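Here is a short report on one protein chain. Please have the sequence and the model open while reading.

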Amino acid sequence: MSVEFLKKVRSSVVLTSLLAGALTVSACQEQPEPEAGMEGVNTEESVPMSAEPAEPNDVVVDTEDASLNEVEGDTTASVNSGVMQMSYLCTPELKIEATYKEDTNQVVVATDMGTVTLNQTNEGSNPEAFEVATAIDGGQGFTQWRVGHEDRKTGVMRTAGADESNVNTFECNEVS
């Protein structure tokens, strides 16, 4: 046997011994045991809640099918004859869901950018002008909504953030 061969074998034996020692030490480490408890017992999980209040469930009763006297004693029904919902597609690309509240002269505009409630600023019906002093995302800025025609087939939305000189304008048409 040559000396060189013995040196190579010795370094291999040393590396193998170190590796085996490391594996042995890690195998001897104390592992945490699973929690002792009853298996199969249902536990209640906590679910995070939204900071926003829940939206009320509006039940709309068609006044042609039921008279006010018929639903007067019903605690789960309410008559919302002054509410109208419409959908719009706009350019540049934006989808708007508008809920007109005739009795309060408001419109709730929902988009993928956010939802705002706008107040009517004029008494006209062509165009109807709605405005709020917040951006569509609820931040600083403004949002304006104008609908033309008495049947609200077209509209224009103008919105801006904190930099009110940078106004985004959307031209919208009702989706049938």
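This is a predicted model: local features need pLDDT of at least 70, side-chain atom pairs count only at pLDDT 80 or more; totals for chains, interfaces and linings use all residues.

Cys-90 belongs to strand β1 (residues 83-91) and Cys-172 to strand β8 (residues 168-174), so the bond ties together parts that lie 82 residues apart in sequence. The S to S distance is 2.0 Å. A disulfide is a covalent bond between the sulfur atoms of two cysteines.

The count for the model is 1 disulfide. Are its two cysteines, Cys-90 and Cys-172, buried or exposed? Both are buried. The cut-off for buried is under 20% relative accessible area.

## Pairing around β8

Cys-90 and Cys-172 are also bridge partners, with Cys-172 on the β8 side. Strands β1 and β8 pair in the antiparallel sense. Their pairing runs over 4 bridges.

Strand β8 pairs with β7 (residues 154-160) as well. That pairing is antiparallel too, over 6 bridges. Which residue stands opposite Cys-172 of β8 here? It is Gly-155. Met-157 stands opposite Phe-170, again in β8.

## The barrel

What do the 8 strands close into? They form a barrel, in the order β1-β2-β3-β4-β5-β6-β7-β8. The pairing is antiparallel. From one strand to the next, the twist averages 30°. In a regular strand the side chains alternate between the two faces of the sheet.

The chain holds 2 helices and 8 strands. Read along the sequence, the pattern is α-α-β-β-β-β-β-β-β-β.

## The nonpolar core

The largest nonpolar core has 19 residues. Which of them have the most contacts inside this core? They are Tyr-88, Ile-96, Tyr-100 and Trp-145. Several strands contribute: β1, β2 (94-101), β3 (106-111), β4 (114-120), β5 (128-132), β6 (142-148) and β8 each supply at least two residues. Strand β2 gives the largest share, 4 residues.

In soluble globular proteins, nonpolar side chains tend to be buried together.

His-149 sits in the loop between β6 and β7. How exposed is His-149? Its relative accessible area is 42%, so His-149 counts as partly exposed.

Leave aside the neighbours within four places in sequence. His-149 is then in contact with Ser-125, Asn-126 and Thr-154. Take Ser-125 from that list. His-149 and Ser-125 are 24 residues apart in sequence. In space, they are 7.3 Å apart, C-alpha to C-alpha.

## Whole-chain figures

The chain has 176 residues, and buried residues make up 23% of them. Its accessible surface comes to about 13600 Å². Carbon and sulfur atoms account for 51% of that surface.

Key:
Residues are numbered from 1 along each chain as its sequence is written. Side-chain values use heavy atoms; hydrogens and water are left out. A disulfide is a pair of cysteine sulfur atoms within 2.5 Å. Buried means under 20% relative accessible area, exposed over 50%, partly exposed in between (1.4 Å probe, protein chains only). A nonpolar core is a set of buried Ala, Val, Leu, Ile, Met, Phe, Trp, Tyr and Cys residues joined through side-chain atoms within 4.5 Å. Two strands pair if DSSP finds at least two bridges between them. Axes are lines fitted to C-alpha atoms, for helices over the stretch in contact, and angles run from 0 to 180 degrees between N-to-C directions. Accessible areas come from the Shrake-Rupley method with a 1.4 Å probe; for residues, only the protein chains shown count as cover. Contact means heavy atoms within 4.5 Å.
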